[in-house]
Each structure stands twice: as C-alpha cells, then as structure tokens.
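My notes follow, in the order I made them.

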Amino acid sequence: MSADLLLSRTGVDSLPAPDCAAGIGHGFDQAGFAVIADVLAEEACARIARLVPSSDGPGSRHLLEQPWCADIARAIRRHPRVAALIPAAHAAVQCIRFEKSASTNWLVALHQDLGIPVAARVEHPELAGWSEKDGVLHVQPPVALLRQLIAVRLHLDDCGVDDGPLRVVPGSHRLGRLDPGAALRCRAEHGEVACVATRGSVMAMRPLLLHASSRATGGSRRRVLHFVFGPRVLPHGLRWRFSA
C-alpha cells in the first residue's frame, strides 16, 4: 500500500478538533497532546478498516509486524503536521487496535502508558514491571525514555462525546511517573479535556500524559489504531520487539 496514496489530499493545514484547540494553542510539548484533522482520506480509512483483523475483544496488539500496518505508520508520519511532532530518527515500535462498540464496550481508568514491548529480558535496576502481553515481553523503562516516546492514534471512525473518547489531563506528562493518588490529585487540580475526533484524524500524545476513557453511550463503532514512535536505540541493552 503506497504511503502517498494513503495521505489525505485535503485539509493538510486544517485546525484541530474544537475540544483540543487549547492543546494546540499552548504547544504540543506543553500540553502533551494534539488532534490533527484530515490526515488520511475517507477512502484510505475504509481500505485500512478492511485490513484490520476482526476480534471479539476490545483490541489486539503487535499489528506493526504486518507489512500493511508498517505502511500506514510511514504514511502517517509523512503528513506535515504529524512529522513536525515526531523526531526524524524515531521508528514506529508498536501498533495496538482498540475498538468500542455496543458489543465491546469498556472503560479505562486514569493512567499513564508506562510499558514498552521488548525482544528479551534484561536485568538492570532501572528496569521494572516486567510482564507478558499477548505473548510479548513488556517492561517499564526509565522515565527519561518514556519522555521521548510519541503515540499517534489514528481514528478509523468518527469519535464524538458519546463514543468513549480519550480524556486527558493537559500538561500532566511533565510531572514524570505518578502514583494513583498523585494522578487523581493532578486531575482534580487541572481538569481534563475530551479529545473528540473525526474519521481520518489523528491524536498525538505523550504516553506519560494522564488519560482515561468512559464507556460509549451510543450505538456507534469506534476503531482506533494506536501507534507508538520511539528512538531506535534503547538503553541498558534493551531491544524493541519490532520496529519499522
């Protein structure tokens, strides 16, 4: 699949979704998130939706190992406003499919994304929280690495206020790793923003940004491909499970 064919022919300089305008205004690095409209064209979203494997559960991991998924990652980062947020030396290192619908409806409590998929276990005092997800090792690396990661969520469907959009606490990524009590206090002090998005839009975010989502209250289908971009070389002898 050609990356050039996937890119939207219109709206390259379009504005972010209204609920996230404040995030753009204060800058991605300060707010920790941004919504960019019209990154992929309608027909591209339809083609991608046909490629994404179906599942009875709320999501699936490790899609990046599929060539079609790696093509999409390359297409997304070619968009001018997305490319401006991702360091040129970064690689795509993960893709997760999330889906909410009437039959797969779920909520996510307030949290930060702290784990990364790696090829093998390495013993080091700065590496913690080892786990296995869908047969792949994950570890919580140092905060210094987490600060470098960029997540890009591609919306294959419209995501309105009734569709369980991501809710984020602006600026919370700058506070480092937070325990549950500190996370709740941060949200109470700074509030949260619901990141609604149209089909073909992306939401870029720092994984350390506090975020949550509610169950969908409507009857729609909300499918998202959640890409993570990071430095090709990891500390302490770690290696990515896969990169593209």
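**Pocket and core notes**

I began with the elements around the largest pocket: S3 gives the most to its lining, with four residues. A reminder to myself: this is a predicted model.

Next I looked up the volume of the largest pocket, which comes to about 570 Å³. Its lining has 31 residues, and the closest to the pocket centre are Arg61, Ile96, His111, Asp113 and Lys133. I then checked which elements give two or more residues to this lining, and found strands S3 (90–100), S4 (108–111), S6 (128–133), S7 (136–140), S8 (150–155), S12 (211–213) and S13 (222–231). By residue class, I noted 14 nonpolar, 11 polar and six charged in the lining.

Then I turned to the packing. How many residues does the largest nonpolar core have? I got 30, and those with the most contacts inside the core are Ile48, Ile72, Ile76, Leu154, Val202, Leu225 and Phe227. Two or more residues come from each of strand S1 (33–36), helix H4 (42–51), helix H5 (67–78), S3, S8, strand S11 (202–205) and S13. H5 supplies the largest share of this core, five residues.

Setting aside neighbours within four places in sequence, I found Phe227 in contact with Leu64, Cys69, Ile72, Ala73, Ile76, Gln94, Cys95, Ile150, Ala151, Val152 and Leu154.

Last entry: there is a second, separate core of 17 residues, and I jotted down Val93, Val122, Trp130 and Trp240 as being among them.

Notes
Residues numbered from 1 in each chain as written. Predicted model: local features only at pLDDT ≥ 70, side-chain atom pairs only at ≥ 80, totals over all residues. Heavy atoms only, no water. 1 Å grid on protein atoms, 1.4 Å probe; cavity = no way out; pocket = protein on both sides within 12 Å on 5 of 7 lines; lining within 4 Å. Points joined across faces, edges and corners; volume = space filled by probe spheres on them. Nonpolar A, V, L, I, M, F, W, Y, C, P; charged D, E, K, R; others polar. Core = buried A, V, L, I, M, F, W, Y, C linked by side-chain atoms within 4.5 Å. Buried < 20%, exposed > 50% of the residue type's maximum accessible area, 1.4 Å probe, protein only. Contact = heavy atoms within 4.5 Å.
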